[in-house]
Amino acid sequence: MKKLLTITFLLTIFFRSYGQQADLAALVNPLMGTDSQYDLSNGNTYPAVAVPWGMNFWSAQTGKMGDGWMYTYDAHKIRGFKQTHQPSPWMNDYGQFAIMPVVGTGKVNQDARASWFSHKAEVTKPYYYSVYLADHDVTTEITPTERAAQFRFTYPKSDESFIVIDALDRGSYIKVYPEQKKIVGYSTKFARGPLKNFKNFFVIYVDKPITVAKTYKDSVENSGLEVDDKHALAVIGFKTVKGEKVNLRVASSFVSIEQADLNLKRELAGDSFDQTKEKAHTIWNKTLGRLTVEGGTDEQQRTFYSCLYRMLFFPNKLYEIDANNKIVHYSPYTGKTEPGYKFAGTGFWDTFRALYPFLNLVYPSINKEMQQGLISDYKEGGWLPEWSSPGYADIMIGNNSASVVADAYIKGGRGYDINTLWEAVIHGANNEDAKNSSIGRRGVKYYNDLGYVPYDVKINENAARTLEYAYDDFAIYNLGKTLGKPESEIAIYKKRSRNYRNLFDKSTGFMRGKNQDGTFASPFSPLKWGDAFTEGNSWHYTWSVFHDIKGLINLYGGNKQFANKLDSVFIMPPVFDDSYYGGVIHEIREMQIVNMGQYAHGNQPIQHMTYLYNYAAEPWKSQYHVREVMDKLYKPTPDGYCGDEDNGQTSAWYVFSAMGFYPVCPAVDQYVIGSPLFKKVTLKLENGKTVTINAANNSKATRYVNSVTVDGKPYTHNWLSHSAMQKGGVINFNMSAQPNKTRGTGAADAPYSLSDNEK
């Protein structure tokens, strides 16, 4: 296996060196993060077979129907091949149905049809999946388009070769047309609602005459070729000779069966399986090829592209092209087909931090579509989503849609109705929904009146909400400035963005929950997870002042005191208080076992913290810790993450950090410098410009930045400008084995803070 990976790596370098398109997709391991379970996440991923941001993904299904852990690396049986839109096991799925080839009668339900398999007989690529199903002596192959896919089954000699179509168990429909070699149906199963008139319609064509056709209600055979039931299934069958290949062409739609048929004809056309596969392969290499890396180890390159692969799925397209070539989508809010774009499958609490800033840097055109999708959400549902799955999921906290909107526009996004989005973010910042605590702002009246959400008014995670609302207010303020809004309109958001100060307890040096009467909640332990915080403790959330780190430094009394507090995160043992949860949640366990003190990289709140030394005139410590995290916590293996991957966010941390910088504060025009991982990174911007990041003497031993030049000129700042990057250029890092404790230590070298820039 190691020899094969080394050959792949060398071939990739060879093709790159001689000007041919490198097969970057060959460096991706879709199994990275799949060795996970409920109580310990090493990523909580599945091997998605799709094209970037496609409407549909496909995955082998090892888990039982309805289990969020649809594919786990330690499983031994496959129950089917499922069309999925699942963002994470915690969110579970929607828009799903399964297909399974079997040999022998009676193998209809998920247990009876399941087959043993081995990873030794499994091929996983972004654009192609293959596995041998031992109990049926059948090899399954899958290759995708945006809204369709092709399957190829290689059967043994058998008079009883079948294909099971499972429309799942929350109300479903299937009809078989043997003379047309066609199956149609829909599934209504979803995990997060409510969703109005939700159906995932599908159409399937087989290239072999159907000689057996049956339908089932659950496991009971139905009379006739049409079934409408709680759990509809169908079986089609035929005789096969040894090695015979049977092809399926599959597509789906959230609009209608007719639209699914149109999606199939438009995207698969007359292509063979191999032609579809090669097209998907080309799309992946082109998309991944916006970033090329040189130097580093084979393992580091495979980790880089495996992470980049994970960043190119969510939010995924839920819009379709109708018969009149108009962009339309199913609306979970109105239950109707509406005009315009629609995306879903992401939680902004996770992805505002780095995933969306990455899109704005590398793939701004897709984020333009996503911003138009947010306009559809607001117009149809009355709010911007905070977790879209595909409607307003009632989970997680914050009002971080404000950041997602602001960062896109501030970094140059244009060509969409920003005025409607401005109206939407203002509405979300000043209102809450009585039925769904995760849209708008829960506790907004307290926050606006007191400057914080109180601990003692039965609003959970109140301190975390306060800190996130304060940052979101900053994002609104900065967007308003960029739009030229009058100070009289936006000054209130600037004022509220400083509300983080209301929770800072100087006596302990931590953020704390505060009661309605202004007293801090007691007793207090910074080790206590949950309660006033979200999936973390005060050691993690105290740093959530993305927009005003200088203001936070001032609360500590200066740079040295602040840096010492940062040091303490790593000096502390990984002890914890789990009393709020009544047991150890997986996020706690993931912090404990990596032995990096209170640093809990497996969850989002603290992921930016390693970069904060840049604000306190000790940038070499950021360089040290960033490389520690990259080296220790990421591998291109089934256990390759240190917690939930979370829709591209944890991957985005790695990819940004490997490039040498990170967006600590989305909605400002800066990236904070860390320590580049490779000798060379080439970033091909959509505007045709190229940014080249060189670190020629980079190695595991030389993690420190001795000096930097930008376009040949000495550069001392601890940040890089997004707008400057848009012009292209060359950034040279001179790396060293020992820290340079004089570079980047001037007051002007610190990245943006509101306290420095808005007196």
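This is a predicted model: local features need pLDDT of at least 70, side-chain atom pairs count only at pLDDT 80 or more; totals for chains, interfaces and linings use all residues.
Which residues does Asp644 touch, not counting residues up to four places away in sequence? In it, Asp644 touches Ser41, Gly43, Asn44, Trp90, His586, Glu590, Gly602, Gln604 and Thr650. Asp644 itself lies in the loop between helix 18, residues 619–633, and helix 19, residues 649–659. Its relative accessibility is 5%, and because the cut-off for buried is under 20%, Asp644 counts as buried. One further relation deserves mention: Asp644 and Asp669 are 25 residues apart in sequence, and their C-alpha atoms are 28 Å apart in space.

Let me turn to the aromatic residues. A search of the whole structure finds 58 aromatic pairs. Tyr128 belongs to strand 7, residues 128–133, and Phe273 to helix 4, residues 273–288, so the pair ties together parts that are 145 residues apart in sequence. Are the two partners buried or exposed? Tyr128 has 8% relative accessibility and counts as buried. Phe273, at 3% relative accessibility, counts as buried as well.

Aromatic residues also form a cluster. Its members are Trp53, Phe358, Tyr363, Tyr611, Tyr634, Tyr641, Trp653, Tyr654, Phe656, Phe661, Tyr662 and Tyr671.

The charged end of Arg170 sits over the ring of Phe190, at 5.2 Å from the ring centre. Over the face of Trp539 lies Lys565, 5.2 Å from the centre of that ring.

I come finally to a helix pair. In general, two packed helices are described by the angle between their axes and the distance between the axes. Here, helix 9, residues 401–410, packs with helix 10, residues 418–429, at an angle of about 150°, and the axes are 10 Å apart. How are the two helices oriented relative to one another? Angles over 145 degrees count as roughly antiparallel, and helix 9 is therefore roughly antiparallel to helix 10. As for handedness, the crossing of helix 9 and helix 10 is left-handed. On the helix 9 side, the contact is made by Ala402, Val405 and Tyr409. Helix 10 contributes Ile418, Leu421 and Val425 to the contact.

Methods:
Residues are numbered from 1 along each chain as its sequence is written. Side-chain values use heavy atoms; hydrogens and water are left out. Rings of Phe, Tyr and Trp (its six-membered ring) pair if their centres lie within 6.5 Å; planes under 30 degrees apart count as stacked, over 60 as edge-to-face and the rest as tilted. Helices (H or I, at least four residues) and strands (E, at least two) are DSSP runs, numbered from the N terminus. Buried means under 20% relative accessible area, exposed over 50%, partly exposed in between (1.4 Å probe, protein chains only). A charge sits over a ring if NZ of Lys or CZ of Arg is within 6 Å of the ring centre and within 35 degrees of the ring normal. Axes are lines fitted to C-alpha atoms, for helices over the stretch in contact, and angles run from 0 to 180 degrees between N-to-C directions. Angles under 35 degrees count as roughly parallel, over 145 as roughly antiparallel, 65 to 115 as roughly perpendicular and the rest as oblique. A crossing is left-handed if the near helix is turned anticlockwise from the far one by less than a right angle, and right-handed if clockwise. Contact means heavy atoms within 4.5 Å.
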